[in-house]
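Here is a brief report on one protein model. Please keep the structure in view while reading.

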Amino acid sequence: MGTYFNVHSHRPPVSEAITIENLYRDFEQMKAGRHYSIGLHPWHLQDHKAQMDLLAVHAETDAVKAIGECGLDKLAAAPMPLQEEVLVAHIQLANKLGKPMVIHCVQAHNEIVHLFKQNKPKVPVVFHGYNKRHTVAELLIDQGFYLSFGAAILNRDSPAAQVLSVIPAHKILLETDDAEVDIADIYSAAAALRNTDVESFILQVSNNFNTVFHI
Ligand SMILES: [Zn+2]
């Protein structure tokens with residue numbers, strides 16, 4: 001049995017899976033021996049200058065495997081220019097540290113692709129919680145980005161399930177996010193959607209994970 005990789009979780013790891021836990025503040029809560037992504041979520045940009053300073057300090061530690069989740073969200077209260085300014089700061093930090101990015105994007109995919117063209121990430125970029133239609137997926141994959149899928153794929157009629165079944169295998173990552181699901185169930189659902197056996201699918205995702213993250 002291979003190893004499961006959980007790219008994005010808001011819960012402490014419950015299984016043997018290699019899990020990247022996300023913190024959007026209180027970065028000092030990181031615990032030894034665990035893996036984290038840390039970044040300013042567009043919903044939580046209060047006192048962003050001070051938080052960004054703290055982020056820069058904590059992001060250097062070995063426990064931090066990725067910068068994020070950060071990104072653009074049209075439903076968030078923070079004005080778009082501020083969200084963009086904060087995202088650019090995250091790109092610069094990720095580039096400086098050579099750590100991949102975990103992206104949160106809601107109703108702003110064209111904007112974020114445009115922003116990434118002007119502020120080039122030199123590190124792998126993962127769009128987490130992907131659940132948009134295939135044309136958006138193609139736009140992101142064309143830019144070299146990875147897509148991470150979570151509980152949405154448990155519903156076979158979701159856009160996520162449909163996209164997962166057709167995109168190139170080397171762009172797929174999996175996660176639990178804030179859902180109370182076992183990452184193993186996400187793997188089985190994903191393997192079924194792709195008509196592949198779980199063992200070879202585990203191996204594929206593990207290769208993808210190791211290409212993006214260094215753990
Ligand atoms: Zn999340």
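## Overall build

This is a predicted model. The protein has 7 helices and 8 strands. Its radius of gyration is 16 Å, close to the 17 Å that the globule rule gives for 215 residues, so the protein is as compact as a globular protein of that length.

The C-alpha trace spans about 45 × 40 × 30 Å along its principal axes. Of the 215 residues, 39% count as buried. Among contacts with a separation of 6 or more, 66% link residues 24 or more positions apart.

## The sheet

The 8 strands form an open sheet with parallel pairing. Their order is β1-β2-β3-β4-β5-β6-β7-β8. β1 (5–9) and β8 (172–174) stand at the edges with a single partner strand each, so one side of each has no neighbour in the sheet. From one strand to the next, the twist averages 30°.

Strands β6 (residues 125–127) and β7 (residues 146–149) run parallel and are joined by 2 bridges. Val 126 has Tyr 146 in β7 as its bridge partner.

Helix α6 lies across β1, β7 and β8. It runs at about 150° to β8.

α6 (residues 183–193) also packs against α7 (residues 198–212). The angle is about 105°, and the axes are 9 Å apart. That makes the two helices, α6 and α7, roughly perpendicular. On the α6 side, Tyr 187, Ser 188, Ala 190 and Ala 191 take part. They meet Val 198, Phe 201 and Ile 202 in α7. By class, this contact has 6 nonpolar residues, 1 polar residue and no charged residues.

Note on methods:
Residues numbered from 1 in each chain as written. Predicted model: local features only at pLDDT ≥ 70, side-chain atom pairs only at ≥ 80, totals over all residues. Helix = DSSP H or I, 4+ residues; strand = E, 2+ residues; numbered from the N terminus. Rg over C-alpha atoms; globule rule 2.2 N^0.38 Å. Buried ≥ 20, exposed ≤ 12 C-beta atoms within 10 Å, placed from the backbone. Contact = placed C-beta atoms within 7 Å. Axes fitted to C-alpha atoms, helices over the stretch in contact; angles between N-to-C directions. Parallel < 35°, antiparallel > 145°, perpendicular 65-115°, else oblique. Nonpolar A, V, L, I, M, F, W, Y, C, P; charged D, E, K, R; others polar. Pairing = 2+ DSSP bridges.
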